[in-house]
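Hi everyone, thanks for coming. I'd like to walk you through one model today, so please have a look at the screen.

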Amino acid sequence: MLAPYVDINAVIKAWRGLQLRLRTHFGEDVYRQWLDEISPASIEGSNLYLKTPHNLTGQFMVLQKIDQYLVQILQEDFPGLRGLKYTVEKPVDEERNLFSAPVSVAPPAPVMLSSLLTEEAPNSFDAGNMMEGTALDPRFTFENFVVGKPNELAYAAARKVAEDEKVSFNPLFLYGGVGLGKTHLMHAIAHEIRVKTPHRKVLYLSAEKFMYRFIRALRFKDMMAFKEYFRSVDVLMIDDVQFIAGKDSTQEEFFHTFNALIDQQKQIILSADKSPTDLSGIEDRLKSRLSWGLVADIHPSTYELRLGILQAKAEKAPMMIPANVIEFLAHKITSNIRELEGALNRVIAHAELIGRSITLEGTQDVLADLLRSYDRKVTIDCIQKKTCEHYGIKMADLNGARRSRNLVRPRQIAMYLCKKLTTRSLPDIGRSFGGRDHTTVLHAVSKVEELMRDDAAMAEDIDLLRRSLQFGGL
Ligand code: ADP
Ligand code: MG
């Protein structure tokens with residue numbers, strides 16, 4: 001297989017974005033100290049040369065550790081890259097000096113990215129790697145997938161299509177929010193089929209790639225070969241189908257491919273971020289086809305599932321991860337599994353780099369920025385309770401009709417905090433305070449702002465309350 005050509009200018013262009021990811025992944029300190037000054041220099045074969053201004057042992061130790069992660073994120077945009085090499089390049093005017101073998105860091109063996117179907121692609125499509133399926137992530141297997149209430153249906157359905165050659169539901173449509181494991185399950189199906197029934201031809205690709213190939217085929221007048229190719233597979237998997245929303249000609253072609261395969265009793269597996277009926281920008285006739293088979297959703301994770309996933313990852317981690325850290329993460333990082341994994345990786349990477357063991361305090365430090373964004377999700381209810389506690393009044397009074405001064409002030413402050421700390425609208429906030437009007441809320445907000453300007457003690461007191469709401473405890 002010929003590795004796709006990688007353009008150094010494209011890598012240079014993408015570099016800022018990659019730096020940001022390194023920074024979030026490894027934390028500000030490590031980034032500033034070691035990674036900030038690295039930049040792309042050249043491409044040789046499938047290796048990217050990165051230049052660094054110093055020749056420091058510490059830095060090379062760090063580079064060795066980030067190598068795998070960097071290769072992985074680079075490959076998302078540049079699948080042709082296989083490894084990294086480093087050169088020391090002194091700042092302006094100093095002699096340019098290629099780092100020689102003994103000191104250069106040999107990158108760890110790159111993650112093997114294999115693609116299905118590559119060898120079997122029909123000759124009519126020998127236009128480079130165009131007909132490769134998207135690479136499979138070797139970690140996305142059934143073994144590595146932790147099953148819990150939110151994903152048990154999707155998991156069972158995925159196993160069934162992977163194991164049964166007989167098509168029982170067609171298509172299998174997996175849907176759920178971002179980072180909840182759709183792609184993981186799709187790859188797991190492909191891995192499993194490859195092992196269990198290797199004679200079945202599986203093609204896995206994103207809807208975006210499908211469109212890209214379709215457009216290329218149109219441009220190069222290769223439609224016959226395109227159609228033949230997609231109709232020759234036994235199992236077609238298309239990830240993130242929502243991508244073709246509003247792309248009419250791609251949708252049309254997809255519809256035909258879909259029907260042809262279903263007619264031949266070939267298995268189709270699709271994923272999307274919404275159910276077929278909720279997908280917008282997709283034609284009705286296609287939507288109805290999409291829900292012909294089994295539609296299985298993946299729900300947002302529960303605490304138990306997050307705990308299970310973290311425990312599984314912790315077993316494979318290069319160092320001990322204390323139970324209280326795992327519980328803390330499962331409790332705090334609730335948005336999705338990708339973010340949860342990212343947080344754990346950051347904690348591990350940081351501990352490895354500074355050479356200390358993982359602790360709860362260290363974890364809170366490393367993840368401070370991330371945790372703050374979670375803590376910011378304060379509810380109206382929570383604000384009302386805390387305000388009542390703070391000023392020693394009853395909830396019924398806070399929301400009641402009485403207007404005595406010792407009630408009015410706390411009420412206004414609570415409204416102000418609701419406006420500042422939540423995304424709820426003024427009418428919404430008003431309703432939550434015993435059905436008050438939005439103008440009352442507006443008045444409260446400006447009143448409190450005025451008070452805070454004129455009265456430093458008051459400002460401090462309100463700030464204290466605000467901080468206890470934002471950052472207070474678990
Ligand atoms: P999606 O495609 O739904 O956006 P992914 O499949 O890419 O999400 O999952 C995001 C990350 O979370 C991946 O690294 C995946 O391995 C991990 N993940 C998701 N669900 C699970 C699970 N149930 N068990 C283990 N890892 C999971
Ligand atoms: Mg995905």
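First, the ground rules. This is a predicted model, where local features need pLDDT of at least 70 and side-chain atom pairs count only at pLDDT 80 or more, while totals for chains, interfaces and linings use all residues. Residues are numbered from 1 along each chain as its sequence is written, chains are lettered from A and ligands numbered from 1 in the order in which they are written, and side-chain values use heavy atoms, with hydrogens and water left out.

Let's begin with the three-stranded sheet. It is open, has mixed pairing, and runs in the order S1-S2-S3. Helices (H or I, at least four residues) and strands (E, at least two) are DSSP runs, numbered from the N terminus, and two strands pair if DSSP finds at least two bridges between them. At the edges sit S1 (39-44) and S3 (83-88), each pairing on one side only. Ignoring direction, neighbouring strands here are turned by 30 degrees against each other on average. For angles, axes are lines fitted to C-alpha atoms, for helices over the stretch in contact, and the values run from 0 to 180 degrees between N-to-C directions. S2 (residues 47-52) pairs with S3 in the parallel sense over six bridges, and leucine 50 has tyrosine 86 in S3 as its bridge partner. Helix H1 (residues 8-26) packs on this sheet, touching S1 and S2, and its direction makes about 160 degrees with that of S1. Contact here means heavy atoms within 4.5 Å.

Now the other sheet. This open sheet has five strands with parallel pairing, in the order S5-S6-S7-S4-S8. Its edge strands are S5 (202-206) and S8 (294-298), and its neighbouring strands are turned by 15 degrees on average, direction ignored. S5 and S6 (residues 235-239) run parallel and are joined by five bridges; there, serine 206 stands opposite aspartate 239.

Across S5 and S6 lies H6, running at about 95 degrees to S5. How do H6 and H7 pack? Helix H6 (residues 207-219) and helix H7 (residues 223-231) make an angle of about 145 degrees, with axes 8 Å apart. Phe210, Arg213, Phe214, Ala217 and Leu218 from H6 meet Met223, Phe226, Tyr229 and Phe230 from H7. By class, that contact has eight nonpolar, no polar and one charged residues. (Ala, Val, Leu, Ile, Met, Phe, Trp, Tyr, Cys and Pro count as nonpolar, Asp, Glu, Lys and Arg as charged, and the others, Gly among them, as polar.)

On to ligand 1. Which residues come nearest? Of the 17 around ligand 1, they are Val146, Gly179, Thr183, His184 and Glu341, where being around it takes a heavy atom within 4 Å. An oxygen atom of ligand 1 is 2.5 Å from a side-chain N or O atom of glutamate 341. Helices H5 (182-196) and H12 (337-354) are the elements giving two or more residues to the shell. By class, the shell has seven nonpolar, seven polar and three charged residues.

Finally, lysine 196, which lies in H5.

Thanks, happy to take questions!

Terms used: A polar contact is a pair of N or O atoms within 3.5 Å; within protein, one must be able to donate a hydrogen and the other to accept it, and residues adjacent in sequence count only if both atoms are side-chain atoms.
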